[in-house]
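Here are my notes on the model you sent over.

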Amino acid sequence: DTGRHIVRMAYYSLIICRNLELSNTQQQMIFRAAPLHDVGKLGILDEILLKPGKLTPDEFRIMQTHTTIGGQILSNSASKLIQTAQEVALTHHEKFDGSGYPMGLKGKDIPIEGRISAICDVFDALTSERPYKKPWSVEDAMKLIREGAGSHFDPELVDTFSAVLPEILNIRAQYSDST
């Protein structure tokens with residue numbers, strides 16, 4: 001399931017990048033870096049990653065460290081791709097209002113790679129089955145994303161994501177966990 005999640009994340013990111021009219025180079029960097037957003041989960045115990053119920057506050061604090069672990073794994077590279085992946089790993093849980101982690105970045109201080117990865121990750125996580133939850137409907141996931149515009153998510157990216165939803169749903173179907 002994780003394999004398909006990272007493929008969907010990459011394509012969702014690419015669709016958003018194209019609609020933001022980012023350069024081809026930046027589109028390809030984000031497309032290739034997005035699958036590494038959760039690389040830091042390599043450092044998280046399976047008992048926490050695969051827990052069927054809600055995490056305790058201590059377990060959640062441990063889970064949050066996957067961003068900095070990922071940043072550390074991807075640090076000190078001369079490769080622009082790995083540097084982009086490090087940005088994604090470090091910033092995909094930052095929130096537009098500054099209440100995210102690990103750095104509490106706010107608004108456009110969050111790199112575009114992190115802002116794009118955040119919305120793609122949340123949508124895919126909500127609409128996919130996980131050990132701790134059933135999948136949400138697309139309608140419910142989009143309601144949460146729209147309600148999170150300006151707080152959790154960059155409002156411009158919420159508009160873009162909403163506009164390209166048919167393309168997102170095509171990718172979701174093409175790379176579904178059940179195929």
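1. First, a word on terms: I call a residue buried when its relative accessible area is under 20%, and exposed when that area is over 50%. Keep in mind too that this is a predicted model. With that cut-off, buried residues account for 45% of the 179 residues in the chain.

2. How does the radius of gyration of the chain sit against that of a compact globule? For 179 residues such a globule would come out near 16 Å, and the chain has 15 Å, so the two agree. The C-alpha trace spans about 40 × 40 × 35 Å along its principal axes.

3. Taking contacts between residues at least 6 apart in sequence, 60% join residues at least 24 apart.

4. Now the surface and the charges. The accessible surface of the chain is about 9100 Å², and carbon and sulfur atoms own 54% of that. There are 19 positive and 23 negative side chains, and the centres of the two sets lie 2 Å apart.

5. For the aromatics, a search of the whole structure turns up five aromatic pairs. Ring pairs also tie Tyr-11, Phe-31 and Tyr-175 into a cluster.

6. Have a look at Ser-13, in helix α1 (residues 2–19). Is Ser-13 buried or exposed? Its relative accessibility is 0%, so Ser-13 counts as buried. Beyond residues up to four places away in sequence, Ser-13 touches Ile-30, Ala-34, Ile-116 and Cys-120. Ser-117 is 104 residues from Ser-13 in sequence, yet their C-alpha atoms are 6.6 Å apart in space.

7. Phe-153 sits in a loop, the one between α8 (138–147) and α9 (155–163). At 2% relative accessibility, Phe-153 counts as buried. Which residues does Phe-153 contact, leaving aside neighbours within four places in sequence? They are Phe-96, Ala-118, Ile-119, Val-122, Ile-145, Gly-148 and Val-158. Arg-4 is 149 residues away from Phe-153 along the chain, and 23 Å separates their C-alpha atoms.

8. A few backbone spots deserve a second look. As background, most residues other than glycine have a negative phi, and most peptide bonds are trans. Against that, Tyr-101 and Pro-102 are joined by a cis peptide bond, with omega about 10°. Pro-102 belongs to the loop between α6 (80–91) and α7 (112–126).

9. Glu-21 has a positive phi, near 60°, and is not a glycine. You'll find Glu-21 in the loop between α1 and α2 (24–33). With a relative accessible area of 71%, Glu-21 is exposed.

10. Asn-76 also has a phi near 60°, positive in a residue other than glycine. Where is Asn-76? Its place is the loop between α5 (66–73) and α6. Asn-76 has 79% relative accessibility, so it counts as exposed.

Terms used: Residues numbered from 1 in each chain as written. Predicted model: local features only at pLDDT ≥ 70, side-chain atom pairs only at ≥ 80, totals over all residues. Heavy atoms only, no water. Rg over C-alpha atoms; globule rule 2.2 N^0.38 Å. Buried < 20%, exposed > 50% of the residue type's maximum accessible area, 1.4 Å probe, protein only. Contact = heavy atoms within 4.5 Å. Areas by Shrake-Rupley, 256 points an atom, 1.4 Å probe, with all protein chains shown as cover. Lys, Arg positive; Asp, Glu negative; His and termini not counted. Charge placed at Lys NZ, Arg CZ, Asp CG, Glu CD. Phe/Tyr/Trp six-rings, centres within 6.5 Å; stacked < 30°, edge-to-face > 60°. Helix = DSSP H or I, 4+ residues; strand = E, 2+ residues; numbered from the N terminus.
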